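Me: I have a model open and want to learn how to read it. Can you take me through it feature by feature?

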Amino acid sequence: AAKTSDALLVDADEFSGGADLLLGAEAEPGVRWPDVRAEAGALNAAALFGAVPRARVRGGLGRGGVGFLHDDVGPGILTGPRSRADDGWSITPRAVAAVVDAVVGSGGTAVVDLPGTGGMAEVVAPRADVLAVIVPATVRGLAAAARHAAVLRGMGGDPVAVVRWPAPGGVTIDDVCFATG
């Protein structure tokens with residue numbers, strides 16, 4: 001995206017624990033998945049961007065490693081509610097498709113975190129410019145990534161591997177390339 005205000009992190013994995021927690025935005029006000037009425041059809045991207053919580057971008061390094069303080073608005077985040085109760089909410093492939101179509105249709109960028117299993121990838125794969133498979137650098141991680149990459153290829157995708165280091169078991173980049181194709 002040209003600016004972070006044009007980007008939306010779509011947490012499409014209802015059991016992930018929350019992208020807002022990952023980015024430290026759990027206390028930020030805004031709508032969460034149960035508040036989005038995407039099943040009805042087309043969404044207004046501007047209204048969605050204006051309603052979701054936003055991550056804050058804090059800190060940074062300048063030239064020569066000199067630190068400076070910086071506080072800016074980051075990307076929007078669409079994730080689940082901050083509740084320990086099972087409120088009966090869920091995310092459907094149709095809702096994710098409506099959100100992605102609205103964001104991309106407005107010229108924005110949608111980054112979608114998919115669950116490890118289920119039909120969500122079937123609606124996201126055809127809409128994706130890039131499909132990234134996060135690969136823990138372990139033998140077990142490679143086995144799982146190989147399967148995910150094969151499934152995404154079967155949907156017409158061309159996934160890329162993003163490796164999460166370090167490699168406690170001695171997995172190399174050549175191993176990752178071989179396993180994920």
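Me: What should I know about the model before I start?

Reply: This is a predicted model: local features need pLDDT of at least 70, side-chain atom pairs count only at pLDDT 80 or more, and totals for chains, interfaces and linings use all residues. Residues are numbered from 1 along each chain as its sequence is written, and side-chain values use heavy atoms, with hydrogens and water left out.

Me: How many helices and strands are in the protein?

Reply: Start with the definition. Helices (H or I, at least four residues) and strands (E, at least two) are DSSP runs, numbered from the N terminus. Here the protein has six helices and six strands. Their order along the sequence is β-α-α-β-β-α-β-α-β-α-β-α.

Me: What share of the residues is buried?

Reply: Buried means under 20% relative accessible area, exposed over 50%, and partly exposed in between (1.4 Å probe, protein chains only). Of the 181 residues in the protein, 33% are buried.

Me: How do I read contacts?

Reply: A contact means heavy atoms within 4.5 Å. Take contacts between residues at least 6 apart in sequence: 67% of them join residues at least 24 apart.

Me: Which residues does Asp20 contact?

Reply: Asp20 sits in helix α1 (residues 19-22). It counts as buried because its relative accessibility is 0%. Beyond its neighbours within four places in sequence, Asp20 contacts Ala25, Glu26, Arg32, Ile77, Thr79, Gly80 and Arg82.

Me: Arg32 is on that list. Is Arg32 buried or exposed?

Reply: Arg32 is buried, at a relative accessible area of 8%. Its place is the loop between α1 and α2 (45-51).

Reply: Compare its length with the expected span, which is 1.5 Å times one less than its number of residues. The 13 residues of α3 should span 18 Å, and its end C-alpha atoms are 18 Å apart, so the two agree. Buried residues of α3 include Ala95, Val96, Val99 and Val103. Gly107 follows α3, with a positive phi near 90 degrees.

Me: Where is Ile91?

Reply: Ile91 lies in the loop between β3 (71-78) and α3 (93-105). Its relative accessibility is 8%, so Ile91 counts as buried. Ile91 and Glu14 are 77 residues apart in sequence, yet their C-alpha atoms are 6.6 Å apart.

Me: How do I read the largest pocket?

Reply: Rolling a probe the size of a water molecule over the atoms shows where empty space is left. On a 1 Å grid over the protein atoms alone, a pocket is an open set of points where a 1.4 Å probe fits, with protein on both sides within 12 Å along at least five of seven lines; lining residues have an atom within 4 Å of a point. Grid points are joined across faces, edges and corners, and a volume is the space filled by probe spheres set on the points. The largest pocket holds about 1,200 Å³ of space. Of its 41 lining residues, the closest to its centre are Val112, Asp113, Leu114, Ala132 and Val133. The largest share of the lining, eight residues, comes from α5.
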